[in-house]
Every structure is written in structure tokens, then in C-alpha cells.
Amino acid sequence: MRQSLIMGNWKMNGSRESAKSLATAIMAGLKEGDTGIAACVPYVYLADLQELTANSPLAVGAQNVADQESGAYTGEISSTMLKELGCEYALVGHSERRSYYGDTDESVATRFCEAQKNGVTPVLCIGETLEEREANKTFDVVNTQLDAVIEKAGIEALKNSVIAYEPVWAIGTGVTASDEQAQEVHKAIRERIAAKDQTIAESIQILYGGSMKPANAKGLLAMADIDGGLIGGASLDAESFLAIYQSV
Ligand code: PGA
């Protein structure tokens, strides 16, 4: 039985104060022993949140990680730095990184490896654009994105990672994949991994992301291969985020 994971992606939102109050409000809705809940926050709030969430089930993650260990890489943040701030997770390959900042399958695979090197769990984001879906390329795109990481990191590396399937057309648009549309892709991702390693395929958490909200979470999370959610907009509101968490 896979443990579910509900993960917020705050993106570039908030202020130092609002980040703390959002985390405080989320923690207020959790009880001892709760697990499987995390927030990927802007780098600059990690230190505050590490302190704040120290005795809480709420785990903290980053939204990216450098593809280098250290050195002359202006503006980048390494996985050692993330680890030092108590970061459990780092998103890699979010579609906004791929489309606005030039992250390629190759650099995403390197980021994935860098995160793992220092015990930060990479959350590999993959997904097709609307154009690609309409051209019936969904599975090709997702497979290529996944294979790039498997080739670089090796199948064993997937053991300590999470995958997030996020159809680009559903991100921030209010349009969600239907339960069946999402399940179909999640199942295909799991089968692709199973072809290489059955045990890892059965244990890896595959999250759905793209306009997940309290109203649609239950249906999506009930699907056999959907193990949780990566939530943008709705994670900025503690009540909505907790409602999604409670609908698991
Ligand atoms: P959304 O974002 O929930 O606002 O669609 C999801 C994401 O980008 O991870």
C-alpha cells in the first residue's frame, strides 16, 4: 500500500510574513501522527519554515535545485544548501521551469541526481502541453521525460523519488484532467517503470498536478495509480489545502 502525499507548490507567491502565517494555519489543521503533507516554498522562506515546522508533520521542499554541486553558478542553489535548511523535497522539471527558464530533459535529469546526492528527494514533474495532447503525443512526451531521468540516474534511483504528472494545459487554468484521463497516464507511467523494475513501480508515489482543488481532489485521489497531488493555486489557502489533504 503506497502512502499518499499531498504537496503544495507555492511558486513565487507571498511575503515572509504571509509564508509563516500560511504554514502556521496549515499546521493548525494537522494532528500528531499525520504524514504525507509538504509544501514547496520559495528558497528565501526555507530557513523560517524549517524553524516553524520543526515539530510538525508538515515537510518542507524547494521548487528547484541546481544542476551543479557548487562553484561559479550565479543565482543557483545547491542541494547541499537545501539539505542544510531541512529541505526534504525539491521539485525538478516543473513545466514553468521547462518553458520559461530553458530546463531541458537533460538538465532536469542532472538536477534529479544532484538532489538525491544529498538526500533531498526529487519530485520529477512531467507532462504534455495541450498541443501535444491534441496531436496524440501524450505518452511519447511523458515517456521521453521519464526515460531521460532513468537513463542518467538509473532505475534504482527512482526508489527515493516522487513523480508528479502535471498536464501543462491543466496547470493554473482551472481545467483539470478528468479522473480517467489522469489515471490513464499514471498507469502508463507505472507500467513503464514496471518494465524495468516491478518493485519500484509498485512503491513509487505518482502525484497528479494541475488545478487540483477540494471539489475535484476526491475523485482524482480515488484512482488506483494516483497517490497524491501537487497543488499550486489551492495550496495558497490553508483551508483548501487541508480539505484536499483530508480527502485522501
Ligand atoms: P495549479 O498548479 O494547482 O495552480 O494548477 C499546479 C502546479 O503547477 O504544480
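Author: Here we go through a few labels and what lies behind them. This is a predicted model, where local features need pLDDT of at least 70, side-chain atom pairs count only at pLDDT 80 or more, and totals for chains, interfaces and linings use all residues. Residues are numbered from 1 along each chain as its sequence is written, and side-chain values use heavy atoms, with hydrogens and water left out.

Reader: Why is Ser99 called exposed?

Author: Its relative accessible area is 54%, and exposed means over 50% (buried is under 20%, partly exposed in between, with a 1.4 Å probe and protein chains only). So Ser99 counts as exposed.

Reader: What makes Lys11 and Glu96 a salt bridge?

Author: The closest N and O atoms of Lys11 and Glu96 are 2.8 Å apart. A salt bridge needs a side-chain nitrogen of Lys or Arg within 4 Å of a carboxyl oxygen of Asp or Glu, so this pair qualifies. The two residues sit 85 residues apart, linking distant parts of the chain.

Reader: And what makes Lys20 and Glu17 one?

Author: Their closest N and O atoms are 3.6 Å apart, so they pass the salt-bridge cut-off too. Lys20 and Glu17 are three residues apart in helix 1, and therefore separated by about one helical turn.

Reader: Why is Lys20 called partly exposed?

Author: Lys20 has 24% relative accessibility, so it falls in the in-between class. Glu17, at 53%, counts as exposed.

Reader: How many salt bridges are there altogether?

Author: The structure holds 17.

Terms used:
Helices (H or I, at least four residues) and strands (E, at least two) are DSSP runs, numbered from the N terminus.
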